[in-house]
Amino acid sequence: MDVILRTRNLTKRYKEHTAVRDVSMTLRRGDIYGFLGQNGAGKTTTLRMMLGLVQPTSGEIELFGNKVTAARQIPFERIGSIIEIPGFYPNISAVDNLDIHRRLMGMGNRDSIEESLDAVGLLAARNHPVKQFSLGMKQRLGLARALLHRPELLILDEPTTGLDPQGIRETRQLILDLALKRKITILLSSHILSEIEQMATQVGIIHRGRMLEEVPYEVLQEKNKQYLEIHVDNDRKAAMVLEQHLRIAAYQIIQLGVIRIYERIEEAAVINQQFVRFGLAVRELSLKRDSLEEYFMRLTGGRGDA
Amino acid sequence: MLNILYIELFKLKSSKMLWLIVLGAFFPGLISWWGAFYTMSKGHPMPVADVLSNISYMMSLVLAPLLFYLFTAYIVAREYQEKTINHLFTYPAPRWMFYLGKLLTMLVVITATFALSYVAMVVMALVYNGQEVTVELVLQYLLLQVWMIPVHFALIPLAFAVSFVSRSYVAAIILAIVPMLLTSTLLSSSSPYNVLFPWVAPYFVFKTVLDNELVNLVAMSLTLLVTFLIPFLFTWFYLEKADVHSGS
């Protein structure tokens, strides 16, 4: 698959503070790239650098196979974007705001305005001034604008901010449709793990300006390996049985009486038998998997949802 | 470029800020004509030329700098406050084009204000005392208003520079008020160096057009040129280099 966007060691320093440090990422055509990180992790600064709004201190950006060193080299007509809360001119209508975008993108046809508004469910409010719009409506209008010129790459910074649950669901579905039906490559930043989990095909995790991990979502799922969780009356004795009689070293006592076993998990019955044989009372035995949230917490040493 | 100018003007559609043009064009006239009609009713009519002079003086030296700086601040600062700046610089057009578009918008605003003001002045002068309204007087004030357009436009890039750097209205308003106060002080001193203070330029235009007084037009033009060019170039390079954050 061809690479749509690639960064190499992208860094942004502000005097003493380094907002983004050596971030390397690769987006291939058709990806829904979930760019995950807590608030202040450096997501928006990275996206701003990709759009030429912020000049990198060092590092490289490659868009559609061409190295970009200045904003004027960015093929903006191939990119749609929402950075932070989408901004509009409040005194004019939704249609007029999109018409400004159409003219600046050099598009001749006005029909796409109605199509875009229809796609985000704002056709009925098309002639209302944007100052009457709620935050959720502005987010949807932002999406309509980003889609208007039929971009190949969509860069969306926290696109569900301010949306109600119904709006979040609709936006998620819209993003999935755009990727599947229109074959648009999507870079989606979020601090909400569940949002990334439900959409992304590729995940990049950024923390304190550094890219901690960049993997396909399936790999990430695999990394969140399965384990056996056993509740026993005596975890020390259970540990002894695991090590000396079952030769299992990959286990963890996570709290009093609760053990997680990461190897030979298919032999749950044998493990249970051995525990019982050594007089241990097994209160509960279950096969479990780490959630992405737990994995993210382990990786960043913080909360899953910033 | 015309497309960008059109868009900049289009952004002002239904904007309350357009009232500033109306205010600038009619408010000095409203005050002056009210005074003129009042004194006329008392049997002491003011000459039309004096009323027109009062209007032009009030407008060009007092009201116009404040209104035009406020308008400039509005068309710049709103891009940051409405967060549209995040989008404005992600179009296939260089940043300087948007800057030129805004600058030309101000030229349109200044021209519209002086044009409306002129039309209002002539109409009201005819209503007040048609016999005093000579062709010479009409042409003299036409020349004055036309002169005022480039003079006030030359002062605008400084307001752009301050607004782009500060991203707020406040700095540009301070920039308008401080020279306005200094202008009145300088005019009372009648120093030969007044000509180096660009905000005094409208006064010298008065002297030249209305009183046929000899003023150092070369020095005045050079002062205005420098006042235009330095902030104009500064803003140009600033926009090319500056990181864009919407103030968040």
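In what order do the four strands of the open sheet in chain A lie? In this predicted model, the order is β12-β13-β11-β14, and the pairing is antiparallel. The edges of the sheet are formed by β12 (251-255) and β14 (282-289) of chain A, each of which pairs on one side only. From one strand to the next, the twist averages 25 degrees.

Helix α8 (residues 235-245) lies across β11 (226-232), β12 and β13 of chain A, and its direction is at about 170 degrees to that of β12(A). Helix α9 (residues 268-277) of chain A also packs on the sheet, where it touches β11, β13 and β14 of chain A. The direction of helix α9 makes about 20 degrees with that of β11(A).

The secondary structure of chain A as a whole comprises 10 helices and 14 strands. The C-alpha trace of chain A spans about 80 × 45 × 35 Å along its principal axes. The radius of gyration of chain A is 24 Å, whereas a compact globule of 306 residues would have a value near 19 Å. Of the 306 residues in chain A, 54% are buried. Among contacts in chain A between residues at least 6 apart in sequence, those joining residues at least 24 apart account for 68%. The accessible surface of chain A amounts to about 13,800 Å², with 46% belonging to carbon and sulfur atoms.

Notes: Residues numbered from 1 in each chain as written. Chains lettered and ligands numbered in written order. Predicted model: local features only at pLDDT ≥ 70, side-chain atom pairs only at ≥ 80, totals over all residues. Heavy atoms only, no water. Pairing = 2+ DSSP bridges. Helix = DSSP H or I, 4+ residues; strand = E, 2+ residues; numbered from the N terminus. Axes fitted to C-alpha atoms, helices over the stretch in contact; angles between N-to-C directions. Contact = heavy atoms within 4.5 Å. Rg over C-alpha atoms; globule rule 2.2 N^0.38 Å. Buried < 20%, exposed > 50% of the residue type's maximum accessible area, 1.4 Å probe, protein only. Areas by Shrake-Rupley, 256 points an atom, 1.4 Å probe, with all protein chains shown as cover.
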